[in-house]
Amino acid sequence: MKKITFCIILLILSLKMQAQLTNGSFTDEVDFRLQNISKTPITSNILIDRVFPVAALQIFNQGSRIDTSSYTHFKQSWSELYRASYTKNFISLEELKTHIQNKNYQENVIPLGIINTEFHQGNYGTTTQNATVDFNPTTGLFANKSGQNPFIKKQITIVAPLISKVIGSSIQFKTDNLFHLYKFGKQIKTLQLTTNGNNFTLISNYNLSTSNFVTNYTTSGKKDLHFTITFSDNTTKTTLAKVYVEIPTNYQAKSNVSSLQTIIADTDLAFQGYEAGDQPILGKNEYRIYYGNDNVLDKPLIIIDGFDPEDKRKIESTDLGHDKNQPSIRELMSYDIDNDPYNENNKDLIGELNLLGYDVIIVNHPVNKANGIDGGSDYIERNAFTLISLIRHINATKQGNDPNVIIGPSMGGLISRYALAYMEKKLAETGDNTKWNHETRLWVSFDSPHQGANIPIGVQKGIEYFAEEWNVESAQDFIDIQLNKPATKQMLVNHFTNNSNLPVGASNFRNRFQNELNQLGMPNNLRKVALINGSILGALNGVSKGKYLEIEDELEYLGIFGGLANIYADKLLAKFYHSTNTKSGNEEHFTFDGGLRGSFLGFTWWSTRTSFKSQPTSNGSYDVAPGGYFNAQQLLANESTTPSDEFRWYLLSWIFHDLDSTVFDPTHSFIPTKSALAYSGNTVLDEVIGDKNRVCSGNTPFDSYFAPENNEEHITLTAKNVDWLKKELNNNPQLPSVYKNFVFSSLSGDLAVCDTKTNIYNLDIPNTCSGFTITWTTSSNIQIQQSSNNSLTVTPINGTNDAIGFINAYVQELNLNIHKKVWVGIPSPNFLSINKVSSYEFYANQWTKLKVVHPVPPLELMGNDTTYGLSYQWLVPNSQIRTFTDTSTIDVNPYSTGQLNIGVKMQNQCGCTNYQYQLFNVSSSSTTNPGGGGILTPIGKM
């Protein structure tokens with residue numbers, strides 16, 4: 001465990017010594033503890049101890065160190081210096097980012113930011129003997145010590161790009177006084193940039209250059225920026241930075257593939273957002289056509305991309321701006337034909353669709369810099385309106401009369417649903433076929449969140465904790481780019497901005513969108529089917545209340561500094577838990593728990609602790625619900641320790657900390673099964689719904705669906721669901737996924753067919769369901785009187801009695817026989833006998849167990865029911881008896897010796913026999929008459 005450098009740890013962790021908490025922010029705590037310390041020595045106006053040192057400015061580039069910055073680190077540094085200032089005499093980070101955005105630089109331009117200023121840091125000593133301050137353990141406050149200065153002055157110099165990624169072969173560097181922070185300390189006399197073998201002078205004789213510096217990179221990747229600084233006192237400093245450069249490559253299109261094309265929404269389809277001040281804006285999409293048998297658009301099949309903030313997932317991996325660490329949209333449309341993840345034996349669905357004659361049109365949602373719209377996370381309605389414009393264009397330009405097919409993966413399913421339903425609504429209102437007839441025969445919703453999506457609230461609250469409690473700028477970026485976007489707030493069933501421990505969506509977004517979607521309804525003038533990746537057999541995604549992630553920081557890099565009286569922080573810990581799957585009650589439990597652990601003279605405690613508790617609903621846990629799963633916690637763990645791509649650095653951006661992540665469960669439910677099916681009825685998320693056709697039962701608005709037995713990763717194509725889909729595409733309607741382990745497991749009806757009543761046998765399918773063809777057959781002693789697709793009425797032939805028969809239902813589509821053996825008529829007593837169980841002896845005043853034996857019908861008639869569906873009545877004179885649930889067995893205790901005539905009669909659902917009797921000899925005792933008693937006569941009538 002290492003000592004920590006700055007005052008906050010000395011202050012907050014000293015709470016153990018009866019100090020009174022202010023319950024304020026990190027900075028508030030520091031100011032409270034230092035209220036009696038004179039700030040006169042802090043001539044820089046910046047006490048860096050007032051903020052948690054994520055950017056590690058106390059050690060960055062200090063002394064002989066040469067450290068590397070980036071846009072993320074630069075922002076974090078600017079933020080910490082601003083928040084650590086007593087007087088805010090330079091612009092905030094938010095203002096800085098606004099200035100950068102307003103510049104609207106071209107994609108091949110790298111603006112450079114410069115920080116060069118003094119700051120102060122606490123210097124309190126390492127022991128009580130050399131401490132530079134006094135400490136009052138009663139008040140928890142520090143005070144000046146005579147003749148001691150508790151602060152030291154340092155200077156920080158950072159030069160970094162103000163962009164994470166740049167695109168182009170000819171890259172231009174720019175400087176601007178807006179992005180230059182200098183308050184106190186040595187000024188920069190000269191600043192030189194060296195990169196790609198070129199040298200550029202950015203500052204000469206204290207003046208910032210206004211020139212544009214251009215270099216031509218030949219390869220894509222991280223590029224080193226080397227800065228050499230000469231200060232006003234002629235001392236020098238070297239500092240480094242990195243930026244990702246992408247060199248455009250020409251997409252080598254096949255002869256049947258079009259160039260990338262753009263579609264802008266028609267003027268009658270502008271969309272106005274939910275926020276105050278939003279204006280109607282036209283959406284913009286791009287698409288590429290993969291032609292089928294020729295280069296003629298005559299059989300359109302449209303695939304719409306889903307949620308993709310900042311448009312990092314392009315149509316092709318070679319398209320400009322694509323993140324090379326994730327699959328392109330086209331690559332996502334491939335599948336593993338042998339279900340072996342170690343054997344890359346994948347099939348290209350787009351190519352297969354081309355062979356079927358389809359002209360596949362892949363739609364992407366780009367960033368529109370002109371109006372500041374990030375298409376991949378924009379309002380679902382705006383993207384839907386843009387899709388309507390594309391459908392209009394396709395319908396106007398295609399050859400022939402083939403109708404469209406539309407496939408919407410993930411959010412693309414909501415976009416296409418809204419577009420198609422909106423067109424049907426407007427067509428009904430206006431009758432304008434040119435504008436509103438979608439000319440679509442089949443719509444495929446692919447694991448789409450029709451009732452919302454889920455990111456664990458623990459993950460969201462954890463990121464919020466790092467953004468707000470520790471002011472980690474990259475965590476705030478994640479919130480701004482991922483969690484606070486319109487589409488995110490429309491889809492997430494539980495959003496971190498809610499003020500409830502129950503699952504609640506983003507205010508003015510989630511309920512508003514869902515209500516609008518429900519009112520618009522589903523498109524109906526087509527066939528609509530769903531592919532889902534969630535289990536319909538109730539399989540959970542993880543463990544209720546289970547810990548799935550732990551992130552900790554040993555704070556070791558700060559160990560080179562001293563602390564006062566061995567007060568130090570040894571660990572920063574964040575723990576994440578799944579929400580509870582309890583379906584009733586008001587149980588609360590942690591879904592996120594974070595804090596800083598401190599130690600003092602062997603005692604440890606937690607300080608600045610933040611936690612979030614969740615409460616279950618009657619639905620169960622969204623985190624572990626059956627559904628297509630995603631790996632948000634694994635990504636969070638990866639981003640906290642290693643970069644996920646070439647141009648976005650650490651999510652938590654704690655570059656100089658020793659973060660360690662332990663993942664206990666890498667995935668969570670993302671699109672609950674019932675959400676993907678737009679399920680109605682029982683709202684319990686883990687209900688087993690794969691036991692029957694849910695189209696027939698009216699629980700889903702889809703005409704059919706394919707669903708797996710076990711949960712699969714969100715948007716996973718498999719050999720099975722692709723085969724099902726191809727049949728649908730070939731105009732061969734498929735039945736919903738129903739697993740025969742559950743459906744039709746037995747016929748319901750009586751155990752006996754009688755001539756005294758109506759004998760009806762049923763299959764558990766609704767009369768309204770025409771999805772299965774049932775053929776009924778019976779044994780030769782049973783006559784069919786009436787039948788339907790799920791019901792059969794029968795009678796015995798010629799008054800048959802005491803015989804075995806069967807009822808059989810054959811389900812043609814499943815090639816499944818459902819067989820039921822039955823008793824026909826009243827049973828006969830002719831073969832009955834009464835046996836003694838265990839000992840052969842029968843004595844007075846002693847218990848003997850008797851059992852009726854009837855050799856027919858065979859055991860398989862009733863399966864494990866050894867009573868064969870029969871019941872028995874006993875008549876035992878001059879005896880005490882004990883009966884059992886199994887009426888074929890009885891205990892008898894005769895009162896006296898002599899002959900005992902015991903009667904029994906049997907009954908099934910058709911009727912009962914007369915009493916049949918059997919005579920027994922009862923002896924006095926086993927000791928006086930060791931020969932015992934026995935059966936005198938076989939059973940018979942009397």
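1. A residue is called buried when its relative accessible area is under 20%. That cut-off is needed for Asp 305, which has a relative accessible area of 5% and is therefore buried. The structure discussed in this note is a predicted model.

2. Asp 305 has a charged partner: its side chain meets that of Arg 313 in a salt bridge, with 3.1 Å from N to O. Arg 313 counts as buried too, at 12% relative accessibility.

3. The structure holds 42 salt bridges in total. One of them joins the side chains of Asp 477 and Lys 75, with an N to O distance of 2.3 Å. Asp 477 belongs to helix α11 (residues 473-483) and Lys 75 to helix α3 (residues 71-84), so this pair ties together parts that are 402 residues apart in sequence. Asp 477 is buried, with a relative accessible area of 13%, and Lys 75 is buried at 4%.

4. Asp 319 lies in the loop between β16 (300-304) and α5 (329-332), while Arg 288 lies in strand β15 (residues 284-290), so the pair ties together parts that are 31 residues apart in sequence. Asp 319 is buried, with a relative accessible area of 7%; Arg 288 is buried as well, with a value of 3%.

5. Which residues is Ile 302 in contact with, leaving aside its neighbours within four places in sequence? They are Ile 361, Val 363, Leu 387, Ile 391, Val 405, Ile 406 and Ile 407.

6. A pair of aromatic rings is described by two quantities, the distance of the centres and the angle of the planes. The count for this structure comes to 23 aromatic pairs. Among them is the pair of Tyr 465 and Phe 592, with 5.2 Å from centre to centre and 55° between the planes, which makes the arrangement tilted. This pair links distant parts of the chain, as Tyr 465 is in helix α10 (residues 457-468) and Phe 592 is in strand β27 (residues 589-600), 127 residues apart. Tyr 465 is buried, with a relative accessible area of 4%, and Phe 592 counts as buried at 1% relative accessibility.

7. Aromatic residues also gather in a group. One aromatic cluster is formed by Phe 271, Tyr 274, Tyr 379, Phe 385, Tyr 418, Tyr 422, Trp 436 and Phe 509.

8. Finally, charged side chains are placed over aromatic rings. The charged end of Lys 299 sits over the ring of Tyr 358, at 4.4 Å from its centre. Arg 882 lies over the face of Trp 847, and the distance to the ring centre is 3.9 Å.

Methods: Residues numbered from 1 in each chain as written. Predicted model: local features only at pLDDT ≥ 70, side-chain atom pairs only at ≥ 80, totals over all residues. Heavy atoms only, no water. Salt bridge = Lys/Arg side-chain N within 4 Å of Asp/Glu carboxyl O. Helix = DSSP H or I, 4+ residues; strand = E, 2+ residues; numbered from the N terminus. Buried < 20%, exposed > 50% of the residue type's maximum accessible area, 1.4 Å probe, protein only. Contact = heavy atoms within 4.5 Å. Phe/Tyr/Trp six-rings, centres within 6.5 Å; stacked < 30°, edge-to-face > 60°. Lys NZ or Arg CZ within 6 Å of the ring centre and 35° of its normal.
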